[in-house]
Amino acid sequence: MKNERGALHLEVLCALPGHLRVRLERPVDCTPAVLVLPGVRECRFNGRVSTLLCLFDEHAVDVETLIVRLAAVYARKAGATLLHVKRSEEPGFRLPPSGALALGCIAADGVLTLVASPLTRFSRWLSAGATLAAVTEHGYAELHLRGSFDPEVMSVVYLINAIGKEDGVRASLVAWVLTFGRHLIPRAPREQVYLVRNGAERTVLTPVRSEGDGKIFAASLLQRGAEMMLPRTLKIRT
């Protein structure tokens, strides 16, 4: 999409409460216009590396709103008709120690099950307990960070229902894959495209839905494959 006529790119390098730093494809000093945006306390432009640093009051404006407003200012100043906003500041996912421990317990339980070892009555409880703890920790971390958690965390219901049963190792594996599997697939930085419409006094950015990324599609296939391992229906026992 680099060859689109009239398109410019803005890269978000750092987006924290009170602190925003972006890189501009075209070195346009937007400082005067950005300083009048609501909540902005300070703005510094570095023409040598084409970056813009904004310090703002996080209680007056949230960082996502400020990114869009700053993008509109940049698009107007640069005369863009199409603007790509790339989010390079988003950290990648790292498997927590509890998740790695749970996977190890599941692997050990699977091996003991294959060799019909009498130790499976202990390993099954261990793998289920470790997986339950890892999924719960992951759900709590997402709830604390984003205010919500992914629906796949609810696989703990299936896991709890299968604890102590013969298919317990499968339940632990399904819960682990549904919770952590899609996070382990590398993904490119998120990018949003906006159509730019410049009016007499203001600029309007209209989001354009971009084509799905291949890695996102692969992640969805992974999730669907894991879901196929679940029973067709989950009956609620009374």
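Guide: A residue is called buried under 20% relative accessible area, exposed over 50% and partly exposed in between, with a 1.4 Å probe and protein chains only. This is a predicted model, in which local features need pLDDT of at least 70 and side-chain atom pairs count only at pLDDT 80 or more, while totals for chains, interfaces and linings use all residues. Residues are numbered from 1 along each chain as its sequence is written, and side-chain values use heavy atoms, with hydrogens and water left out.

Visitor: Is Val115 buried or exposed?
Guide: Val115 is placed in the loop between α3 and α4 (120–146), where helices are DSSP runs of H or I with at least four residues and strands are runs of E with at least two, numbered from the N terminus. Because its relative accessibility is 57%, Val115 counts as exposed.

Visitor: Is Ser98 buried or exposed, and which residues is Ser98 in contact with, leaving aside its neighbours within four places in sequence?
Guide: Ser98 belongs to helix α3 (residues 97–114), and because its relative accessibility is 18%, this serine counts as buried. Contact means heavy atoms within 4.5 Å. Leaving aside neighbours within four places in sequence, the contacts of Ser98 are Ala134 and Glu137.

Visitor: How many disulfides does the count come to?
Guide: A disulfide is taken as a pair of cysteine sulfur atoms within 2.5 Å. The sulfur of Cys30 has its closest cysteine sulfur in Cys43, at 8.0 Å, which is too far for a bond. Cys43 is in no disulfide either, with the nearest cysteine sulfur, that of Cys54, 3.8 Å away. By this rule the number of disulfides is zero.

Visitor: Which residue forms a salt bridge with Glu11?
Guide: A salt bridge requires a side-chain nitrogen of Lys or Arg within 4 Å of a carboxyl oxygen of Asp or Glu. For Glu11 the closest N and O atoms of the pair are 3.1 Å apart, and the partner is Arg23. Glu11 lies in strand β1 (residues 7–16) and its partner in strand β2 (residues 19–24), so the bridge ties together parts twelve residues apart in sequence, and the residue asked for is Arg23.

Visitor: How many residues apart in sequence are the parts that Glu64 and Arg87 tie together?
Guide: The side chains of Glu64 and Arg87 meet in a salt bridge at 2.9 Å, N to O. Because Glu64 lies in helix α2 (residues 63–78) and Arg87 in strand β5 (residues 82–87), the parts tied together are apart in sequence by 23 residues.
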